[in-house]
Amino acid sequence: MATIFITGSTDGLGRAAAQSLLDQGHRVVLHARSADRAASLGELKSRAAGIVVGDLSSATDTRRIADQVNAIGRMDAVIHNAGVYTQPSRGATPEGHAVTFAINTLAPYMLTALIRRPDRLVYLSSGLHRGGEGSLDDLDWKSRAWDSARAYAESKLQVVALAFTLARRWPDVLSNAVDPGWVRTKMGGSSAPVDLDTGQRTQAWLAVSEDSAAKVSGRYWHHLRQEQPAGEATDPEFQDQLVDKLSKLTGVELPEA
Ligand SMILES: NC(=O)c1ccc[n+]([C@@H]2O[C@H](COP(=O)([O-])OP(=O)(O)OC[C@H]3O[C@@H](n4cnc5c(N)ncnc54)[C@H](OP(=O)(O)O)[C@@H]3O)[C@@H](O)[C@H]2O)c1
């Protein structure tokens with residue numbers, strides 16, 4: 001039995017992965033952005049190994065989320081699932097960051113650095129990451145006109161690069177990225193072709209499976225099969241520059257191996 005922390009487990013793919021892992025007998029630590037949203041967890045609440053609360057658009061809250069997880073204990077796996085899609089404007093978080101970048105990239109980076117190191121890390125990306133190359137000069141959308149689709153694509157490329165950085169720098173940890181496909185959730189909408197159960201399967205499997213196929217690192221997955229991600233995501237120079245910038249923007253250093 002493994003213990004898994006899943007960000008954004010009040011809805012969609014995160015909630016579905018939590019349900020599936022609980023049904024398999026694992027311990028799951030859930031996450032909600034607020035106490036109100038935690039109330040919507042319903043029967044999952046009583047089955048959870050813990051519930052942590054915090055808004056990932058705030059760096060202060062994100063640090064508190066890491067503290068709450070560490071207080072529960074060491075996780076065997078963390079699924080960095082929470083995310084937002086096309087935001088109408090850049091917006092500004094309490095720290096002044098673009099909202100999409102903060103939730104989709106800065107928060108998984110900070111949680112990776114601040115949560116006690118698990119055995120496995122899984123990052124939710126998207127096939128749309130392939131449209132996100134070339135972001136390093138203006139990660140935080142300070143000099144460009146806002147383009148919501150491009151911002152999403154960049155953030156999803158950045159989490160693949162982050163997953164692969166960890167695979168390289170932390171050889172004891174299995175770190176992978178997943179494209180769940182276009183799934184019927186609040187984000188994906190009702191006309192998406194992929195059902196929730198199919199959409200959650202790969203990340204839940206990577207988090208706990210003892211199959212040798214699941215015990216690999218630095219791979220990009222789609223529906224239980226490995227695929228080739230965008231070139232930048234696999235480029236160690238891009239990965240190192242990205243992590244260096246994330247470290248400076250957050251004031252949080254990625255611990256060495
Ligand atoms: N659905 C798709 O077709 C699709 C395709 C490719 C990739 N993905 C990726 O899969 C992941 C899950 O997507 P989904 O379709 O399940 O989305 P969803 O239905 O919109 O659920 C997103 C989850 O993240 C949480 N969340 C969002 N912003 C947050 C914040 N600031 N603080 C804390 N929690 C926050 C949401 O909380 P609330 O419930 O409070 O809103 C919810 O639990 C995302 O990373 C997404 O980019 C999805």
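Helix H1 buries Gly12, Leu13, Gly14, Arg15, Ala16, Ala17, Ala18 and Leu21, where a residue is buried if 20 or more other C-beta atoms lie within 10 Å of its own, exposed if 12 or fewer, and partly exposed in between, with C-beta atoms placed from the backbone. Helices (H or I, at least four residues) and strands (E, at least two) are DSSP runs, numbered from the N terminus. The model is predicted: local features need pLDDT of at least 70, side-chain atom pairs count only at pLDDT 80 or more, and totals for chains, interfaces and linings use all residues. Residues are numbered from 1 along each chain as its sequence is written.

The cover over the buried residues of H1 includes strands E1 (3-6), E2 (27-32), E4 (77-80) and E5 (120-124), together with helices H3 (44-47) and H7 (196-208). With 12 residues, H1 reaches 17 Å from its first C-alpha to its last, close to the 16 Å expected at 1.5 Å a residue; the expected span is 1.5 Å times one less than the number of residues. After H1 comes Gly25, which has a positive phi near 95 degrees.

H1 also matters for the ligand shell, giving three residues to it, the most of any contributor. The shell holds 26 residues, of which Gly8, Gly12, Gly83, Thr185 and Gly188 come nearest; a residue is near if its C-beta atom, placed from the backbone, lies within 6 Å of the molecule. By class there are 11 nonpolar, 10 polar and five charged residues around the ligand. Of the 22 residues of H6, 17 are buried, leaving the helix mostly covered. The end C-alpha atoms of H6 are 31 Å apart, which agrees with the 32 Å that its 22 residues should span at 1.5 Å a residue. Beyond its neighbours within four places in sequence, Val160 is in contact with Ser125, His129, Ala177, Tyr220, Pro229 and Ala233, two residues being in contact if their C-beta atoms, placed from the backbone, lie within 7 Å.

Gln203 belongs to helix H7 and counts as buried because 28 other C-beta atoms lie within 10 Å. Residues up to four places away in sequence aside, Gln203 touches Ala17, Ile79, Asn81, Val122, Leu124 and Val178.

Trp141, in the loop between E5 and H6, has a positive phi of about 55 degrees and is buried, with 21 C-beta neighbours inside 10 Å. His223, in the loop between strands E7 (220-222) and E8 (225-227), has a positive phi near 50 degrees and is partly exposed, with 14 other C-beta atoms within 10 Å.

Over the whole chain, the secondary structure comes to eight helices and eight strands. The radius of gyration is 17 Å, close to the 18 Å that the globule rule gives for 257 residues, so the chain is as compact as a globular protein of that length; the radius is taken over C-alpha atoms, and the rule is 2.2 Å times the number of residues to the power 0.38. Of the 257 residues, 47% count as buried.

Notes. Ala, Val, Leu, Ile, Met, Phe, Trp, Tyr, Cys and Pro count as nonpolar, Asp, Glu, Lys and Arg as charged, and the others, Gly among them, as polar.
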